[in-house]
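Welcome! Let us walk through this structure together and look at how some of its side chains meet.

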Amino acid sequence: MVEHLNNEKLVLEDSKEITLFQLSVIKDRIIQGDALEVLKKLPNECVDLVFIDPPYFLQLPKKKLVRWNAKTTVKGVEDDWDKFESFEEYDSFIQKLLIETSRIMKENAALWIISTYHSVHRIGKIMQDLGYWLLSDVIWVKNNPMPNWLGVRFTNATETIIWAVKNKSAKKYTFNKDLAKEFGIGKVGANVWTIPLCTGKERQKDKEGNKLHSTQKPVELLKRIILTTSNEGDMVLDPMSGTGTTGYVANQLKRNFIMIEREGKYIEGMKERFKISPSIPKKRKKSSIEEELETY
Ligand SMILES: C[S@@+](CC[C@H](N)C(=O)[O-])C[C@H]1O[C@@H](n2cnc3c(N)ncnc32)[C@H](O)[C@@H]1O
């Protein structure tokens with residue numbers, strides 16, 4: 001583990017006075033600030049891999065959502081960071097984020113961006129309009145999804161992760177094929193990953209013992225992304241890092257990281273998380289859904 005991860009040097013606060021972040025200063029650190037501002041201050045072509053888990057813009061109704069069995073309420077993503085006035089405002093945010101990210105990516109760097117059906121199609125269109133070249137979309141199947149709300153739609157048990165390079169001429173991107181075979185379904189490693197939602201000990205908690213973040217991503221998901229599409233010593237950027245899953249896994253897998261996050265409570269959570277030596281799950285036993293999909 002990188003030595004300074006255990007002390008206060010882990011977090012660096014952005015400020016108006018800072019105009020450019022030197023790579024040597026921000027390597028293996030979390031920058032607290034607004035991603036759209038901080039990204040502008042990162043050097044050109046300095047990262048090998050980017051993972052973005054942006055707001056979903058779920059547009060949940062203001063009133064409490066009660067499940068169809070009338071027994072439980074739905075705890076969705078009610079955080080302010082997920083709220084936008086309109087699709088126009090959301091699209092403009094995503095567009096700015098992706099323009100700046102492309103500038104920071106090395107020539108053959110890859111970008112992964114995750115979302116649900118609420119916004120992933122908009123994100124994909126914006127990416128293509130900006131010249132990104134889409135390589136795959138991985139379907140993350142949750143074998144423990146949130147229970148169905150009203151019984152009027154399919155249970156939402158998937159998220160989509162788009163994998164792309166910044167333009168069509170980026171041909172020498174990293175793809176560790178043998179690991180893709182190990183993680184994806186079937187003999188050739190098709191683009192379906194079955195991974196449970198992050199629960200139990202892995203889930204970061206606040207002081208009251210409640211979950212710290214509504215959308216903490218599983219370590220196993222980042223492990224697959226980082227192992228299949230980067231190499232040891234690479235620089236991994238996550239501009240909306242939440243509980244810091246990306247940096248936490250990157251560090252354990254001997255990659256470097258730069259993370260950005262605006263909210264203080266998540267920054268505190270990341271500090272706590274990095275105090276504990278990360279443990280990356282070894283090869284998992286396949287679930288029954290995965291066994292079934294193997295026949296595909
Ligand atoms: C979907 S969550 C990421 C969760 C993360 N992948 C994890 O495993 O915990 C999105 C995060 O983006 C942060 N965020 C939203 N807008 C931001 C902005 N403009 N600048 C920096 N962070 C932002 C939110 O505070 C939130 O933690």
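Helices here are DSSP runs of H or I at least four residues long, numbered from the N terminus. Keep in mind that this is a predicted model. With that in hand, turn to helix α6, where Arg224 and Glu220 are four residues apart and therefore separated by about one helical turn. Their side chains form a salt bridge, with the closest N and O atoms 2.8 Å apart, and both Arg224 and Glu220 are buried. Lys223 joins in as well: salt bridges with shared partners bring Glu220, Lys223 and Arg224 into one network.

Asp53 is buried at 12% relative accessible area, and Lys217 is buried at 4%.

Next, follow Arg122. Its side chain forms a salt bridge with Asp91 (2.8 Å, N to O). Asp91 lies in helix α3 and Arg122 in helix α4, so the pair ties together parts 31 residues apart in sequence. The charged end of Arg122 also sits over the ring of Phe87, 3.9 Å from its centre. Phe87 in turn belongs to a cluster linked by ring pairs, together with Phe57, Phe84, Tyr90 and Phe93.

Aromatic pairs come to eleven in total. One of them is the tilted pair of Trp163 and Phe175, 5.3 Å centre to centre with 40 degrees between the planes. Trp163 is in strand β6, while Phe175 is in the loop between β6 and α5. Trp163 counts as buried at 5% relative accessibility, whereas Phe175 is partly exposed at 40%.

Conventions:
Residues are numbered from 1 along each chain as its sequence is written. This is a predicted model: local features need pLDDT of at least 70, side-chain atom pairs count only at pLDDT 80 or more; totals for chains, interfaces and linings use all residues. Side-chain values use heavy atoms; hydrogens and water are left out. Rings of Phe, Tyr and Trp (its six-membered ring) pair if their centres lie within 6.5 Å; planes under 30 degrees apart count as stacked, over 60 as edge-to-face and the rest as tilted. Helices (H or I, at least four residues) and strands (E, at least two) are DSSP runs, numbered from the N terminus. Buried means under 20% relative accessible area, exposed over 50%, partly exposed in between (1.4 Å probe, protein chains only). A charge sits over a ring if NZ of Lys or CZ of Arg is within 6 Å of the ring centre and within 35 degrees of the ring normal. A salt bridge is a side-chain nitrogen of Lys or Arg within 4 Å of a carboxyl oxygen of Asp or Glu.
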